[in-house]
Amino acid sequence: MRIAILLAGIAAGLAAQTVVLQNGTIMTVTKGTFKGAIVIKDGKIVEVGDKVLVPTGAQVIDATGQYIIPGIIDCHSHIAVESINEGSVSVSAMVGVGDNINPEEIEIYRALAGGVTTANVLHGSANAIGGKNVVLKMRWGKDAEALRFEGAKPGIKFALGENPKRQGNPTQPGQRARYPATRMGVEDVIRDAFTEAKSYQASWKEYEERSKRGERALPPRRDLKLEALVEVLEGKRLVHAHCYRADEILMLIRTADEMGFKIKTFQHVLEGYKVAKEIAAHGAGGSTFSDWWAYKAEAYDAIPYNAAIMHKKGVLVSLNSDSAELMRRLNTEAGKVMKYGGLTENEALAMVTINPARQLEIDNRVGSIEAGKDADLVVYDKNPLSVYAKVQKVFIDGTKYFDRDTDISERNRKALEKKRLLDAEKARQDEQKKQGMPPARRTGE
Amino acid sequence: MNRLGLLMAIAGALTAAPNDTFLLRGVTVHPVTGPKIENTSLLVQDGKIAEIGPKIVAPKGMKVIDAKGMHVWPGFIDSATDTGMNEISSVRETVDTGEVGTFNPQIRAAVAVNPSSEHFPVVRGNGTTSMVLMPGGAGGRGGPFGRLGGGDGPLIQGQASMIHTDGWTWEEMEVNRSVGMQVAFPDTPRIPGRFAAMLGMDRPQTTFADMDRQRLDRIKRLADFMTDARRYQKAKAAKEPGFRTDLKFEAMLPVLEGRTPLVMVANKQKNVREVIKFADEQKVKVVLAGTDDFGNTLPDLKAKNIPVILGPTYELPAEEDHAYDEPFTRPGEIFKSGVKFAFGSFGTQFARNLPYNAANAVAFGLPYDEAIKAITINPAEIWGVADKIGSIEKGKWADLIVTDREDPLEITTNVKHMFIRGQAVDLTSKHTRYYEKYLNRP
């Protein structure tokens with residue numbers, strides 16, 4: 001009897017975790033677009049179809065007239081971390097932005113409200129070889145560890161062109177120049193670092209072989225910088241390379257070929273359209289902006305057709321934001337590749353969902369609406385590729401993290417709470433004044 | 001005259017016929033100031049709108065453009081940009097906004113416009129036919145709109161010019177050389193943040209109260225300049241002996257006479273309140289621009305009839321605890337308050353996204369027709385050129401766009417034809433040319 005009650009309890013618990021999104025237009029990205037339903041259980045999508053059986057006890061959410069897409073994945077972001085650039089050295093592969101995640105940054109919530117569920121948070125572009133990335137899910141309200149996309153393949157940032165050169169060309173009086181100052185120097189920094197990494201890799205191999213043979217051997221001293229680069233050589237760490245001009249893109253491809261590693265994504269890659277053939281041949285992806293241009297010399301040849309040309313020439317393309325603001329409307333950034341280059345609705349949507357998932361090697365988990373994948377879903381009131389579409393609800397792992405109606409209905413309460421706090425603070429200050437204490441001096445902080 | 005001669009004369013007359021006269025057939029016309037007219041024709045004569053109606057017959061020899069099923073809208077007006085003055089925003093040598101000096105009312109944006117800028121064809125591609133160029137800059141390094149009169153920066157930045165987005169010279173592009181006087185309304189200087197600290201810049205060791213005093217001092221300097229300009233005005237009128245022309249004060253006369261507004265760039269409600277007060281005290285016309293936090297100032301702006309140029313709706317909320325959609329809902333709120341407003345792109349590289357800014361506001365509460373007005377007739381009225389542009393009405397210039405779908409604000413709609421004063425405008429750009437070129441790279 002006791003067991004039976006227990007079982008019933010578990011069943012009720014499980015049923016409570018089952019959610020059905022019904023009657024919406026489902027844009028699966030990989031399996032077509034149709035009117036139907038999605039069954040979510042224990043954070044996973046268990047069934048998708050035009051007709052599904054609604055499990056008894058499931059919570060049913062009606063999405064009539066609405067559109068459901070997989071959670072948007074931003075392949076280039078810098079939100080939710082306290083610092084992004086360790087720019088004092090030309091190779092900073094030993095640091096990682098994942099060490100300073102700030103789970104309370106409001107930009108996480110704003111991204112969520114724009115339909116983003118996963119972000120590739122990258123190190124900055126101050127140096128030729130930058131620090132390690134962290135892939136985050138926008139689980140607003142959770143702590144830093146819980147934001148991490150568990151099991152996501154690690155990556156590292158490289159940067160070419162104007163940004164890594166900048167510190168070689170100081171603009172402030174008294175500022176010291178840091179090598180490199182030219183694109184030639186950028187290539188050298190990368191070749192040199194990998195030459196060193198290979199010899200480090202060899203010394204470890206030699207040590208392991210000697211140990212295996214039973215010889216007494218001293219292990220090499222661990223080098224955290226070179227360790228990350230060895231991971232790149234061994235295909236265990238993905239390279240996300242910031243770049244603009246065609247020449248530097250080609251340079252990195254040839255350097256990677258020579259050193260024996262692969263570039264996973266070229267980031268920004270605004271002249272990718274000029275060397276799309278070479279990028280495709282290397283097997284790299286391109287993660288670009290829809291229509292940014294002319295904000296710096298190396299962006300003067302940028303065209304909004306970049307994504308379409310690269311796609312047509314066989315490059316796996318995603319559209320990213322690199323901005324806490326733009327991040328909130330990647331859906332319409334995708335809409336722009338329909339305009340500039342005539343891609344289909346599905347090709348466009350793929351560029352902010354399944355394509356970035358593939359570029360981050362998390363496509364077994366996210367990026368499309370398929371049974372078995374994480375229930376990371378966005379509900380829009382209109383076709384998400386339209387400039388008039390608004391995010392209504394966002395689910396991550398089947399849990400609702402954003403609801404526009406709730407957000408709006410909570411505003412009054414929050415305003416009252418803010419007023420209460422300000423009033424309390426004012427009362428406290430008045431009390432202090434009465435007691436003759438000097439008012440706190442506000443400095444320019 | 002022999003027969004051949006006569007033929008040649010006719011041919012000559014035909015080819016010499018002005019190309020700003022034509023008939024657009026089979027279209028839906030959206031006048032903006034009136035309801036749409038379906039299945040009609042539009043006659044353009046000498047660059048002006050001559051007639052709208054289903055039964056217009058083209059006189060013999062007149063160019064006829066068949067645009068069956070397409071839609072005709074007035075060309076868009078961008079109310080704040082530095083397109084053509086700012087080629088690559090991070091390369092100072094290519095930026096001609098942001099002159100040195102505190103008071104520069106005498107300088108004029110139009111004369112520094114590069115008609116060959118690659119940016120003009122790009123913005124034309126998405127429907128913009130006119131723009132207001134801000135001499136103090138609109139996003140570039142030459143003095144961004146964000147530089148709001150803090151520290152020892154500029155106060156009066158020069159005359160904003162309205163231009164067309166096409167022409168062989170800046171003179172041919174000109175709609176009105178001086179539609180406003182740009183003022184960086186004094187604000188508390190911004191504290192250099194983390195980024196500045198990284199560059200090794202010193203953070204000022206000053207108190208907030210000191211900075212606020214500095215701000216008020218600067219407002220007074222601005223008022224003093226107005227007083228000096230008035231003295232000059234009087235001296236000139238009185239033909240005082242020894243009167244000498246001063247270009248700075250001369251440039252202020254249209255402002256003092258109420259013919260040209262001060263374009264006050266002010267971003268927070270505190271500054272907006274002071275702008276209102278300033279306008280009252282000085283009795284001058286004012287246009288407010290670049291505000292991202294109106295607070296409770298809208299009823300006052302309405303009462304004082306002060307129009308507003310709204311920055312891009314694509315912005316983050318002004319404060320961390322503001323609603324996530326605050327910049328998106330702002331245009332709708334302003335419309336509800338009754339304040340007249342127009343959109344500006346406030347930049348160069350995203351100037352082509354002006355219609356999407358307007359559309360985004362529609363998604364968050366602005367009525368559709370008002371979004372259209374905010375990039376057509378409203379700016380035409382605010383900048384005093386509504387007799388020429390901003391709507392499709394008889395007698396106005398034929399500044400037109402013809403779109404393949406009805407809604408010109410939707411991303412997937414394409415501009416198929418553009419006319420500026422009746423002249424067909426090239427819609428190709430560096431971007432379309434490179435697209436063709438590199439798509440066909442073997």
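## Strand pairing and the hairpin of chain B

Two strands are said to pair if DSSP finds at least two bridges between them. In this predicted model, strands β14 (residues 400–403) and β15 (residues 415–420) of chain B meet that condition, being joined by four bridges and running antiparallel. Within this pair, V402(B) stands opposite H417(B) of β15(B).

Strand β15(B) is also joined to β16 (residues 423–424) of chain B, through two bridges and again in the antiparallel sense. Here I420(B) has Q423(B) of β16(B) as its bridge partner. The strands β15(B) and β16(B) form a hairpin with two residues between them, and in this hairpin R421(B) takes a positive phi near 50 degrees.

## The eight-stranded sheet of chain B

Chain B contains an open sheet of eight strands with mixed pairing, in the order β6-β7-β8-β9-β10-β11-β12-β13. Its edge strands are β6 (76–81) and β13 (341–343) of chain B, each of which pairs on one side only. On average, and with direction ignored, neighbouring strands of the sheet are turned by 25 degrees against each other.

Within this sheet order, β10 and β11 follow one another. Strand β10 (residues 262–265) and strand β11 (residues 286–289) of chain B pair in the parallel sense over four bridges, and V265(B) stands opposite A289(B) in β11(B). Helix α7 (residues 269–282) of chain B packs on the sheet, where it touches both β10 and β11 of chain B. The direction of helix α7(B) makes about 170 degrees with that of β11(B).

## The three-stranded sheet of chain A

An open sheet of chain A has three strands in the order β6-β7-β9, with mixed pairing. Strands β6 (72–77) and β9 (134–137) of chain A stand at the edges with a single partner strand each, so one side of each is left without a neighbour in the sheet.

Strand β6(A) pairs with β7 (residues 116–121) of chain A in the parallel sense, over four bridges. In this pair, I73(A) stands opposite T118(A) in β7(A).

## Backbone features in the loops of chain A

Two loops of chain A deserve mention for their backbone geometry. The peptide bond from Y179(A) to P180(A) is cis, with omega near 5 degrees; P180(A) is placed in the loop between α4 (162–166) and α5 (183–212) of chain A.

Residue E361(A) has a phi near 55 degrees, a positive value in a residue other than glycine. The place of E361(A) is in the loop between α12 (354–359) and β15 (377–380) of chain A.

## The contact between the chains

The contact takes 55 residues from chain A and 54 residues from chain B. Between them the two chains bury about 5,100 Å², of which 54% is on carbon and sulfur atoms. Of the area that chain A buries against chain B, 15% is supplied by W293(A), K339(A) and Y388(A), more than by any other three residues.

## The second largest pocket

The second largest pocket has a volume of about 1,100 Å³. It is lined by 32 residues, and the closest to its centre are R411(A), D321(B), H322(B), A323(B) and E326(B). Elements that give two or more residues to this lining are α2 (106–113), β17 (399–403) and α13 (404–434) of chain A, together with α9 (326–337) of chain B. The most is given by α13(A), with eight residues. By class, the lining of this pocket has 15 charged, ten nonpolar and seven polar residues.

## Cavities

The structure holds four cavities of 30 Å³ or more. The largest cavity has a volume of about 190 Å³. Of its 18 lining residues, R328(A), R329(A), A389(A), F328(B) and F364(B) are the closest to its centre. Both α2 and α10 (330–339) of chain A supply at least two residues of this lining, which by class has nine nonpolar, five polar and four charged residues.

The second largest cavity holds about 50 Å³ of space. Its lining includes K339(A) from chain A, and from chain B it includes F76(B), N126(B), P355(B) and Y356(B). Also in this lining are I401(B), P408(B), E410(B), T413(B) and V415(B). By class, six of the lining residues are nonpolar, two are polar and two are charged.

Definitions and conventions. Residues are numbered from 1 along each chain as its sequence is written. Chains are lettered from A and ligands numbered from 1 in the order in which they are written. This is a predicted model: local features need pLDDT of at least 70, side-chain atom pairs count only at pLDDT 80 or more; totals for chains, interfaces and linings use all residues. Side-chain values use heavy atoms; hydrogens and water are left out. On a 1 Å grid over the protein atoms alone, a cavity is a set of points where a 1.4 Å probe fits but cannot get out, and a pocket is an open set with protein on both sides within 12 Å along at least five of seven lines; lining residues have an atom within 4 Å of a point. Grid points are joined across faces, edges and corners, and a volume is the space filled by probe spheres set on the points. Ala, Val, Leu, Ile, Met, Phe, Trp, Tyr, Cys and Pro count as nonpolar, Asp, Glu, Lys and Arg as charged, and the others, Gly among them, as polar. Axes are lines fitted to C-alpha atoms, for helices over the stretch in contact, and angles run from 0 to 180 degrees between N-to-C directions. Contact means heavy atoms within 4.5 Å. Buried area is the accessible area (1.4 Å probe) that two parts lose on being put together, summed over both.
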